[in-house]
Every structure is written in C-alpha cells, then in structure tokens.
Amino acid sequence: MSIRIVMAGISHPGNIGSAARAMKTMGLEQLCLVAPERFPATEATVLAAGADDVLDRARVFPDVRSAVADCGFVVGTTARSRHLPWRTVEPREAACEIAAASKASEVAVLFGAERTGLTNDDLELCQALVTIPTGAVYASLNVAMAVQVIAYEIRLALRDEPDSGRTAGVPLASARDMEQFYLHLEQVLEEIEFRDRTGEGHLMARIRRMFNRVVPDQNEINILRGILTAVQGKRRRAGDPHATRPAPLL
C-alpha cells in the first residue's frame with residue numbers, strides 16, 4: 001500500500017508505539033518518523049502491543065521535506081487556524097482523496113509534534129489540511145488518537161473507494177517535482193521582474209497554495225516547466241544579459 005504516516009518531532013516514544021498499533025489495526029504499514037526525540041525506545045515497543053513489525057520497518061528522516069519527497073499527494077493534520085488559508089477538509093473527505101491518489105502515487109499523511117503541531121514550512125508541502133472535529137469544551141486530541149481516527153477513515157475509503165476519474169498510469173507530481181517547479185518559477189519571475197506589489201511578501205506562498213489545490217500530475221508539471229523554459233529562451237534570444245539557465249529537471 002502506498003500510504004505512509006509521517007510523524008514529525010514526536011517527543012514521547014509511547015505515542016509512536018500507539019500510532020503503530022493504530023496503523024496496523026487499519027492495515028497501514030508505512031511509518032516515517034521525522035527527527036523523533038527518542039527512537040527506538042522500550043516505551044514504543046510496549047505500547048505497540050504487537051505492531052512491532054511496523055516499528056521495525058519505520059524509517060527515520062531528518063526533516064519533513066525528505067520524508068515526503070517522492071509523494072504526489074500530501075495531507076497535513078492541524079487543530080488550529082493559520083494566517084494564510086489552506087484548503088481544509090474533515091477526515092472522511094480527506095480519506096477519500098487519499099485512497100484515490102494512492103492508486104497512482106505515494107501518499108503521505110503528516111502529524112506534528114505533540115505540543116506545537118506542524119510548522120508553516122511543513123504545511124507548504126501539503127495539498128490539503130485535515131481537521132478532526134471535536135467537542136467545543138475539550139478539544140485536546142492525543143497524536144496517536146488522531147492517527148487512529150484518520151487510519152480508520154482511510155480503511156473505510158479503501159474498502160468503498162469510488163472511481164477517482166484520474167487517468168490511469170499517470171503519477172502525480174511528487175513533492176520533489178513541485179519544489180523544482182517552484183524554484184524554476186521563482187527564477188523566471190525574478191528574470192521578468194515580476195514583484196509582489198501587495199507588500200505582504202506572500203507571493204510564492206499564495207502560488208504554492210494555488211498549485212496545491214490543483215494537485216498536478218507529472219505530465220502537467222512537465223508542461224509548466226516547458227513553458228517556463230520557453231519564456232527563458234525568448235529572453236535569451238532577445239539578448240537579455242541577465243538571462244540564466246533554467247532550474248534542472250530531476
């Protein structure tokens with residue numbers, strides 16, 4: 001199965017073990033840990049309660065970017081509002097999108113540290129955010145409990161998945177592909193002297209959110225990279241001394 005759970009900055013190893021147990025009960029096997037404070041740890045094994053194989057296969061990464069680099073669809077979990085708007089859905093809708101995207105690409109679901117959650121830099125990598133609705137009086141949800149809720153919804157979505165409508169055999173553009181596209185786009189915007197005239201300094205952040213909503217596949221992102229390269233070629237032929245070579249295609 002091409003769905004991975006990514007837990008970033010987890011401080012309590014027991015939460016890692018409980019999350020592994022939650023995953024295994026719902027048929028999820030890929031656990032990725034980003035800079036955990038303590039792992040491996042006895043507490044993780046004890047609370048895994050038989051999901052030792054999930055812990056044994058867990059991969060550890062230095063940062064979220066490297067943990068999702070090959071993923072075409074990334075969903076972040078959050079319990080708080082953000083300054084800039086992201087597309088936010090509830091677990092059931094998110095699970096349907098995750099199940100559909102997993103047909104063609106690797107998919108990641110991100111969970112942040114217990115006290116702080118995901119950073120804005122982490123969320124820049126996400127095509128959507130998911131928020132678990134809770135009671136108004138007490139909304140504190142343990143991270144392993146959150147993994148259980150999302151994993152359950154994914155299990156239901158995989159069991160009863162409708163036709164996604166996406167062309168078979170065309171993988172989604174990976175997070176790595178998208179980062180190269182954003183670098184290329186930023187380079188071209190600089191060359192044509194396109195500036196953020198609002199003074200807010202959020203131009204690239206807003207562009208990222210726009211393309212994250214689209215969720216392009218690899219063919220579509222290659223077309224966009226080709227357009228950017230053609231723009232740069234026109235400028236070179238016009239004798240622009242500031243033209244530079246395009247960012248490389250990976």
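The crossing of α8 and α9 is right-handed; here a crossing is right-handed if the near helix is turned clockwise from the far one by less than a right angle, and left-handed if anticlockwise. The model is predicted, so local features need pLDDT of at least 70 and side-chain atom pairs pLDDT 80 or more, while totals for chains, interfaces and linings use all residues. Numbering starts from 1 along each chain as its sequence is written, and side-chain values use heavy atoms, without hydrogens and water.

**Stop 1: α8 and α9**

Select residues 175–191 for helix α8 and residues 203–214 for helix α9. Helices are DSSP runs of H or I with at least four residues, strands are runs of E with at least two, and both are numbered from the N terminus. Two packed helices are described by the angle between their axes and the distance between the axes. For α8 and α9 the angle is about 135° and the axes are 11 Å apart. Axes are lines fitted to C-alpha atoms, for helices over the stretch in contact, with angles from 0 to 180 degrees between N-to-C directions. The pair is therefore oblique: under 35 degrees counts as roughly parallel, over 145 as roughly antiparallel, 65 to 115 as roughly perpendicular, and the rest as oblique.

Now show side chains. On the α8 side, pick M178, E179, F181, Y182, L185, E186 and L189; they meet L203, M204, I207, R208, F211 and N212 of α9. Contact means heavy atoms within 4.5 Å. By class, nine residues of this contact are nonpolar, one is polar and three are charged. Nonpolar covers Ala, Val, Leu, Ile, Met, Phe, Trp, Tyr, Cys and Pro; charged covers Asp, Glu, Lys and Arg; the others, Gly among them, are polar.

**Stop 2: L185**

Stay in α8 and centre on L185. L185 counts as buried at 11% relative accessibility, where buried means under 20% relative accessible area, exposed over 50%, and partly exposed in between (1.4 Å probe, protein chains only). Leaving out residues up to four places away in sequence, L185 touches I207 and L228. L228 lies 43 residues from L185 in sequence, and their C-alpha atoms are 6.9 Å apart.

**Stop 3: α5 and its surroundings**

Select helix α5, residues 91–101, and colour its buried residues: P91, A94, A95, I98, A99, A100 and A101. These pack against the strands β1 (3–8), β4 (71–77), β5 (88–89), β6 (106–111) and β7 (128–130), and against helix α7 (143–159).

The axes of α5 and α7 come within 8 Å and cross at roughly 55°, so the two helices are oblique to each other. The crossing of α5 and α7 is right-handed. From α5, the residues P91, R92, A95, C96, I98 and A99 meet V149, I150, E153, I154, L156, A157 and L158 in α7. This contact divides into 11 nonpolar, no polar and two charged residues.

**Stop 4: C32 and C71**

Select C32 and C71 and draw the distance between their sulfur atoms, which is 7.5 Å. That is too far for a bond, since a disulfide is a pair of cysteine sulfur atoms within 2.5 Å. The count for the model is zero disulfides. C32 is buried at 0% relative accessible area, and C71 is buried at 1%.

**Stop 5: zoom out**

Show the whole protein: 10 helices and seven strands. Of its 250 residues, 47% are buried. Among contacts between residues at least 6 apart in sequence, 83% join residues at least 24 apart.
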